[in-house]
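Hello,

The structure is pasted in here, followed by some notes on it. Please keep it to hand while reading.

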Amino acid sequence: PNMASLGGHTRFGTRTTIAAPSRRRHAPASLARPIRRPTSRSSRVARPGPDPRGLCVSRPAAAARDDGTPAAAQDDGPDVVFEFDDFDDDETWDVIEDFDEDELYELNASRSDADADDTYFDSYSHLGIHREMIGDAARTGAYLDAIEAHRPQIEGKVVLDVGCGTGILSMFAARCGARKVYAVDASGITRHTRQLVKDNGFDGIIEVIKGKMEDVDIPEKVDVIVSEWMGYALLFESMLPSVVDARDRFLAPGGLVLPNKAAVKVALLSDEDRWDGAVTFWEDVYGLDFSSLIPRAKRDWHADPPVQTVPAEKLASAPVDAVEPVDCVRTPLDDLYEPIAGDVRMVATRTCDVHGLALWFDVDFYGKVKLSTGPEAAATHWYQTVLMFDEPVAMAAGDALCGTIELEPGSNPGERRTLNVYFNYDVVEGGKEEEESVEPDNREQFQRWTVQ
């Protein structure tokens, strides 16, 4: 049985004998931010932690102790942690105590996060997604230009590629004269990456490492970190913490992070066709009234906003920074797990109904190369993220939509890679300025979306 599904919320150690679990493959549990709860060494139970298997002890392991006392009841030394595959089919194990509710939540959260990570990394094991990314000329061309623009900092130096995929960025760096490149990726694509590295004559330079960046150890400091970590609306997928973790552990003083700056951009969206296709459509369906589906249609675009091409002419304002740009060289790791908020003022460039917001990002490589994913730039596989309002907002040219945008990484178990977007706002008539700073909760309007 799966420990998370046992009816009694059970911890295992000594007392009632039950059958050992069947052999199953379980990925190691891993939380975006591990919950570490101190427990007394006199509690005489295995200490709970991010990996719930620390609560398991088999009889043979317990019997191996000199005094024959079960391992979970020992006070001297670390607890014995087992992979599920470590149990023999005929082995038995014992119940010593029930989980409390916090421990059960932590255990299930760990499993949900591990399952979500497995799904995420598995999606990058398939060739199709790499074909799409490499075929994105704006994306791949920008990285090629950026790496070549930094040839003096790369030649003869050590490079770390975080989330290397097929290894194309690693090969760009090797071709620029890097002495050593560590190419790290947690997905199954690495079996192909090794062959591609060999086929292109870089097997003496590029070392491909399969594993999560946070679990990987590099034997030396690196001079350059390169990573294509960006997701929809920049922060979806929550991969930036992996890059910053690598930066903190392995980047030599004065080293480079490519890209070094990233900005989330937002603009007003006026798109009558999109509104009609999603909302007005249901009012008359071949002479039938389907308008009761409209609330569901609106819930859908909040729960899973469309990621599509937004024609530049559908923008109703100039773009502004949604939040303070991210400095990939200096941003503390802990800050990436917290919501970030920014005050915005978007001025309508024409009289129109505003149906929502368009969100995208730009990244910069030390001022030498810039990659924009906006509507007025070359199309990319990131497109733009469309955040539709519940109701259109009538605005005259010169009116401003003022408010606070907050970007929050997903915090629910299994949803750490999602991105919540909150927007509190008011409409300010043209020519008028807000007299003072307005707290988000004092704004008249509020919208929420979850990018996933």
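This is a predicted model: local features need pLDDT of at least 70, side-chain atom pairs count only at pLDDT 80 or more; totals for chains, interfaces and linings use all residues.

Residues are numbered from 1 along each chain as its sequence is written, and side-chain values use heavy atoms, without hydrogens or water.

The second largest pocket holds about 290 Å³ of space (a pocket is an open set of points on a 1 Å grid where a 1.4 Å probe fits, with protein on both sides within 12 Å along at least five of seven lines; lining residues have an atom within 4 Å of a point; the volume is that filled by probe spheres set on the points). Of its 19 lining residues, Leu235, Val326, Asp335, Leu336 and Ile340 lie nearest the centre. Strand S17 (400-409) gives the largest share of the lining, three residues (strands are DSSP runs of E, at least two residues; helices are runs of H or I, at least four).

Helix H4 (137-149) spans 17 Å, close to the 18 Å expected at 1.5 Å a residue (times one less than the number of residues). Its buried residues (under 20% relative accessible area, 1.4 Å probe, protein chains only) are Arg139, Thr140, Ala142, Tyr143, Ala146 and Ile147. They lie on the same side of H4 because they cover an arc of only 160 degrees around the axis (taken from the directions from axis to C-beta atoms).

Tyr286 has a positive phi, near 55 degrees, and Tyr383 has one near 50 degrees.

Regards

Methods: Buried means under 20% relative accessible area, exposed over 50%, partly exposed in between (1.4 Å probe, protein chains only).
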